[in-house]
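This report walks through a single protein structure, from its overall make-up to a few of its elements. Please keep the sequence and the model in view while reading.

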Amino acid sequence: MNYKKVLKSKGSRAAVLKLLSFIPDVPMLKLQYKIKLSRPLDFENPKRFSEKLQWYKVNYRNPLMHKCVDKYRVREYVKEKNLEDTLVKLYAKYPSISDVDWDSLPDKFVIKTTNGGGGLNVVVCNDKSKLDIAELNEKLKCKKKKSRYGGREWAYYGLEAGIIVEELLENEENPESGVNDYKIFCYNGNAKYIVVDTDRYIGHKRNFYDREWNNLHVLSDCPECDREIEKPQNFDKMLEIAEKLSEGFPYVRVDLYNIGGKIYFGELTFYPWSGYVQYTPDEWDFKFGEDFELIKY
């Protein structure tokens with residue numbers, strides 16, 4: 001069932017989820033999983049990566065996760081790991097979008113809500129003079145994440161609202177395509193798979209690699225890149241950073257950027273794509289889940 005054809009606007013889908021917020025987590029996750037992936041969710045004995053992520057939402061509730069998904073507070077976590085040199089330059093932090101001092105900001109920047117997830121609450125500004133402030137105010141309204149909304153992603157529940165403005169990282173060789181985003185799957189502090197998102201602004205593509213930089217040719221909800229992506233400089237250092245940041249978590253995806261060998265921290269994601277992705281070949285849904293140890297917290 002293509003639910004997006006039935007409910008075409010994000011607003012209408014959000015309204016339905018709000019109406020269904022009274023449904024307990026497990027039945028709701030089973031319903032969403034069935035609708036989005038056209039198969040039942042085995043919540044009691046999960047084997048697939050997509051299934052384990054649903055289990056993770058309900059059964060692993062380490063309070064440190066709140067800090068790690070907060071776009072502002074995670075900077076403190078990175079500093080505690082002695083990785084401050086990987087942080088993107090922070091221009092400002094504001095209580096809400098209406099408090100932003102636009103005149104004080106440079107011409108280019110990235111602005112985002114501190115308690116948002118999934119890239120929906122992020123705006124890349126390449127030219128401040130062309131910004132539609134009214135539209136931006138609507139997109140980045142600061143709201144606390146409510147329990148039982150959306151994908152029931154516990155780590156985001158109750159985060160304090162806020163706005164941060166950071167330096168815009170650029171691909172100097174090909175500015176239109178944006179910088180590559182390296183999303184590293186880590187299990188108990190061990191980095192195993194690397195997902196590379198490329199051409200974000202000119203036809204988003206995605207490749208999957210192992211630690212030896214072998215292309216796994218896995219398809220997800222994004223087309224595979226039509227060219228081989230070079231292994232980044234200081235790749236071993238990237239894995240080392242990812243493993244340091246992921247210590248102590250059964251699973252977390254560590255997102256990094258690498259520009260000419262300079263490594264930048266992006267974010268930590270505990271429920272990538274909310275666990276609702278069909279991988280092709282299907283066997284990879286099981287392989288990505290093999291090292292995912294289910295631990296209650």
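## Overall make-up

Among contacts in the protein between residues at least 6 apart in sequence, what percentage join residues at least 24 apart? The share is 59%, where a contact means heavy atoms within 4.5 Å.

The model is a predicted one, in which local features need pLDDT of at least 70 and side-chain atom pairs count only at pLDDT 80 or more, while totals for chains, interfaces and linings use all residues. Residues are numbered from 1 along each chain as its sequence is written, and side-chain values use heavy atoms, with hydrogens and water left out.

The protein has nine helices and nine strands, these being DSSP runs numbered from the N terminus (helices are H or I with at least four residues, strands E with at least two). Of its 297 residues, 49% are buried, a term that stands for under 20% relative accessible area with a 1.4 Å probe, counting protein chains only.

## The four-stranded sheet

An open sheet is formed by four strands in the order β1-β4-β2-β3, with antiparallel pairing; two strands count as paired if DSSP finds at least two bridges between them. At the edges lie β1 (90-94) and β3 (122-125), each of which pairs on one side only, and the twist from one strand to the next averages 15°.

Within this sheet, β2 (residues 109-113) and β4 (residues 163-166) run antiparallel and are joined by four bridges. I111 has V165 in β4 as its bridge partner.

## The β6-β7 hairpin

Strand β6 (residues 190-198) pairs with β7 in the antiparallel sense over six bridges, and Y193 stands opposite D210 in β7. The two strands form a hairpin with six residues between them, and D199 in the turn has a positive phi of about 55°.

Strand β7 (residues 205-210) is mostly covered, with six of its six residues buried. From β7, K205, N207 and Y209 point one way, whereas R206, F208 and D210 point the other way.

## A covered helix

Helix α4 (residues 49-59) is also mostly covered, since 10 of its 11 residues are buried, among them F49, L53, W55 and Y56. The buried residues of α4 pack against α3 (25-37), β5 (181-187) and α9 (283-287).

Notes. Axes fitted to C-alpha atoms, helices over the stretch in contact; angles between N-to-C directions. Buried < 20%, exposed > 50% of the residue type's maximum accessible area, 1.4 Å probe, protein only.
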